[in-house]
Amino acid sequence: MRDLIRSRNFLIGAGFALILAGLVACQAMLAQGGAAPGHAAQAPRYVVDPLWPKPLPNHWILGSTIGVAVDADDHIWIIHRGTPTLSSHEKLLDTKQGDCCTAAPPVLEFDQAGNLLRHWGGPGPGYEWPDSNHGIFVDYKGNVWIGGNGGPDSQILKFTKDGKFLLQVGKKGARRVAGAAAGTGEGAAAGFAGGSNDPLNFGRVAKIFVDQKENEAYIADGYLNRRVAVLDADTGKMKRYWGAYGHVPDDAPMPAYDPSQPHAQQFRNPVHCADMSADRLIYVCDRENDRLQVFTPAGEFVKEAYYHTNAKENGSVWDIAFSKDPQQRFIFMADGVNDKVRIVDRQSLEELTNFGDGGRQPGQFQSVHSIAIDHEGNLYTTETYEGKRIQRFLLKGLGPVTKMDQGVPWATAN
């Protein structure tokens, strides 16, 4: 009888241990953003807001819209390229051949209702405006940072919210080299050469992020250079920089991207974003390599993931934003080749689902380029090339993922 009792107790204890182990495993999967077997993963759901922002005044229209940021007041800032990217029939007001239209100033600020609050930008005294502005960021002090990826653009600029010039770091034209080849990738121009170990100048900067804790600016540098550079955000003095996998960056020519070949040990042009998460990791958009690489602030490589590696020309990893929950469980990734916003689990770097499609209607994209998020979790995207617009997507909470490709996020479809 005692042996039977011992056997029964052993079986009960073993069964309890198995159940406990299973619960622990499920909890671990959920904590990593995954789902227990038989349970659908959860992801944020969005619908497009087709009436945001309000129409611009003065017959203004947007050119290729190349950057978006959200400030501490939840105001939305964009930068676009204006007249050089408008077709002849889009700027008839300039040539006195019609009543519409003309390019809006390069920098625009909107409130949550879609009202235009401020507008400024372009060449002025004391600084060198980029030939092709690229990216915008509003830091914790309310300063507005701008990069550029035109041929001679080797500088970054800082302004107040009212457009008062504060700082230029780097000198325009510093990367000009007589007889230099055009290089590869978007923004290439003959007569310039990369200088990814230059401590003073840049090589066509794509985007800027400023860390409040250390007062450091992280520079995605860029369309000609192949590095992340870190500056003192007040003085502009360069403090450190690194290339892919934390290597010393190298500007030597690289073979054409081929996803079947070993992983490239250098970033390709463009290095398109370098953003910091709440737990102080740096996420770098290595766009043409179709990959997102993660580093410590010191430039030590942590991990990477690849996305839709059939995007062989312009790449799939264009820009990112982090969700607003304390853990920042999700990354929102703009993919301008496939015209989608991908929703990625930040811990595993696994894509959970995506929304969007190519087209010109609300919720569709023509080369979705940049992405930002407000404090309520609403997303803002800009479109380059012929897209020429900003869109807002409203957060509708979490929901189970039932399919990878959600399509156009119309309200009636959700």
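Mentor: What follows covers the pocket and then the nonpolar cores.

Mentor: This is a predicted model, in which local features need pLDDT of at least 70 and side-chain atom pairs count only at pLDDT 80 or more, while totals for chains, interfaces and linings use all residues. Residues are numbered from 1 along each chain as its sequence is written, and side-chain values use heavy atoms, with hydrogens and water left out.

Trainee: What volume does the largest pocket have?
Mentor: About 840 Å³, where a pocket is an open set of points on a 1 Å grid over the protein atoms alone, where a 1.4 Å probe fits, with protein on both sides within 12 Å along at least five of seven lines, and the volume is the space filled by probe spheres set on the points.

Trainee: And which residues lie nearest its centre?
Mentor: Val 70, Phe 137, Phe 209, Met 276 and Lys 324, out of 29 lining residues, a lining residue having an atom within 4 Å of a point.

Trainee: Which strand gives the most to that lining?
Mentor: Strand 12, with five residues; strands are DSSP runs of E, at least two residues long, numbered from the N terminus.

Trainee: Switching topic, how many residues has the largest nonpolar core?
Mentor: It has 32, and Ile 156, Phe 202 and Ile 219 have the most contacts inside it; such a core joins buried (under 20% relative accessible area, 1.4 Å probe, protein chains only) Ala, Val, Leu, Ile, Met, Phe, Trp, Tyr and Cys residues through side-chain atoms within 4.5 Å. Strand 12 gives the most to this core too, with five residues.

Definitions and conventions
Helix = DSSP H or I, 4+ residues; strand = E, 2+ residues; numbered from the N terminus. Buried < 20%, exposed > 50% of the residue type's maximum accessible area, 1.4 Å probe, protein only.
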